[in-house]
Amino acid sequence: MLRGASVDITGGVSGAHPGQTGDVQTEAVTTDMGTARLGATGLEVSRIILGCMSYGDADRGGHPWAMPIDDARPFFRRAIEAGITTFDTANVYSQGSSEEITGELLREFSTRDEVVIATKVHGRMGPGPKGSGLSRAAILTQVDASLTRLGTDYIDLYQIHRWDPETPIEETMEALHDVVRAGKARYIGASSMWAWQFAQAQHAALVNGWTPFVSMQDQYNLVQREEEREMHPYCLDTGVGVIPWSPLARGRLAREWDAGGTARSETDRFGKALYRQDEQADRAILDAVGAIASERGVPRAQIALAWVLAKEAVTAPIVGATKLPQLDDAIAAERIELTDDEIERLEAPYTPRRAEGFA
């Protein structure tokens, strides 16, 4: 086991943080990663969750930037060393190979009881009626497939990846309840959907005595804050933990407005459709992130993530990384406390926009 180590974030700092100006602090980040209970449950998760979508077979699925297991290994080692205990993947990521890599590397660097594994179901995994969606048949088939790929006999948090308009929500919730009752999942969660849909699912569970969702994995960052209107107040009121995806807006908040893109941004078809609604306001937000980062002498990513971590509704953001300094920034962000004035400066340029990313 890797215990008691410190994580050195000094290497390559000057070139590792796109868009950062000024001197960057080079302190070591130790293993005192914070933890939080997931909503009103007793499940303890690390305040940073490692998103594992970037680790998989680039020839399987739609993620050509995905990293094979040997390239992914340093990220899992660094995460475990730093005290990250919670890892999020999905069956559809690189057609199951992300789950395979996640399971294998967690066995290599930790024990099953020391980590929290979250995965998701909904996307197309194969032909036929059991290959996608949230029908009873699909869920019961796909959970067994995920368990096999992960190499475990239970999933800590089993999430529906999106809403399935073709399946009655009662059928979905009863099937998920049966998954929990069978011991194949400890808790269940949901991901991006309208607040009324999430409330409908929770109501179905409540009136039928089924297992409710304990978490919402939604899109939330400085340039997409629409979840503050309904979803987050609902989650706070009902004890649901929020674990946002894309807290850095696909990396936009980690670099200057005019900085070049990455290999992922050039090939991420889903990501290309996001964050294009009000570029003037977005540029002002990025400028505010850059100014505060420069004043503090830290990379932009740390400021943007610290803002997410400061939100009452948020349990822990899900952070992906394809370069080790990106993971180091996430680890360091957990130690940053923004002032009220800094938060106001970051939020002031935001303009209302359409919710996106539900499809």
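Helix axes here are lines fitted to C-alpha atoms over the stretch in contact, and the angle between two of them runs from 0 to 180 degrees, taken between N-to-C directions. With that in hand, let's walk through this predicted model.

**The chain as a whole**

The protein chain has 13 helices and 10 strands. Of its 359 residues, 57% are buried.

**Two helix pairs**

Start with helix 10 (residues 279–296) and helix 13 (residues 340–347), whose axes come within 8 Å and cross at roughly 150 degrees. Angles over 145 degrees count as roughly antiparallel, and that makes helix 10 roughly antiparallel to helix 13. On the helix 10 side, I285, A288, V289, A291, I292, E295 and R296 do the touching, and they meet E342, R345 and L346 of helix 13. Sorted by class, this contact has 6 nonpolar and 4 charged residues, with no polar ones.

Now take helix 3 (residues 97–109) and helix 4 (residues 136–150). Their axes sit 7 Å apart, and the two helices pack at an angle of about 45 degrees. That makes helix 3 oblique to helix 4. Here E99, E100, T102, G103 and R107 from helix 3 meet S146, R149 and L150 from helix 4.

| Helix pair | Axis distance | Angle |
|---|---|---|
| Helix 10 and helix 13 | within 8 Å | roughly 150 degrees |
| Helix 3 and helix 4 | 7 Å | about 45 degrees |

**An enclosed helix**

Helix 12 (residues 324–333) has 8 of its 10 residues buried, so it is largely enclosed by the rest of the structure. The buried residues are P325, L327, D328, D329, A330, I331, A332 and A333.

S215 belongs to strand 8 (residues 213–217). Is S215 buried or exposed? Its relative accessibility is 0%, and buried means under 20%, so S215 counts as buried. Setting aside neighbours within four places in sequence, S215 is in contact with L38, L157, I188, G189, A190, F198, V240, G241 and I243.

E44 is in strand 2 (residues 44–46). With a relative accessible area of 40%, E44 is partly exposed. Again leaving out neighbours within four places in sequence, E44 has T35, A36, R37 and V116 as its contacts. E44 and T85 are 41 residues apart along the chain, and their C-alpha atoms are separated by 9.0 Å.

**Rings and charges**

How many aromatic pairs does the structure hold? There are 7 of them. One aromatic cluster is formed by Y55, F75, F76 and F87.

Two arginines also sit over tyrosine rings. The charged end of R112 is over the ring of Y154, 4.0 Å from its centre. R225, for its part, lies over the face of Y350, at 4.9 Å from the ring centre.

Notes
Residues are numbered from 1 along each chain as its sequence is written. This is a predicted model: local features need pLDDT of at least 70, side-chain atom pairs count only at pLDDT 80 or more; totals for chains, interfaces and linings use all residues. Side-chain values use heavy atoms; hydrogens and water are left out. Helices (H or I, at least four residues) and strands (E, at least two) are DSSP runs, numbered from the N terminus. Angles under 35 degrees count as roughly parallel, over 145 as roughly antiparallel, 65 to 115 as roughly perpendicular and the rest as oblique. Contact means heavy atoms within 4.5 Å. Buried means under 20% relative accessible area, exposed over 50%, partly exposed in between (1.4 Å probe, protein chains only). Rings of Phe, Tyr and Trp (its six-membered ring) pair if their centres lie within 6.5 Å; planes under 30 degrees apart count as stacked, over 60 as edge-to-face and the rest as tilted. A charge sits over a ring if NZ of Lys or CZ of Arg is within 6 Å of the ring centre and within 35 degrees of the ring normal. Ala, Val, Leu, Ile, Met, Phe, Trp, Tyr, Cys and Pro count as nonpolar, Asp, Glu, Lys and Arg as charged, and the others, Gly among them, as polar.
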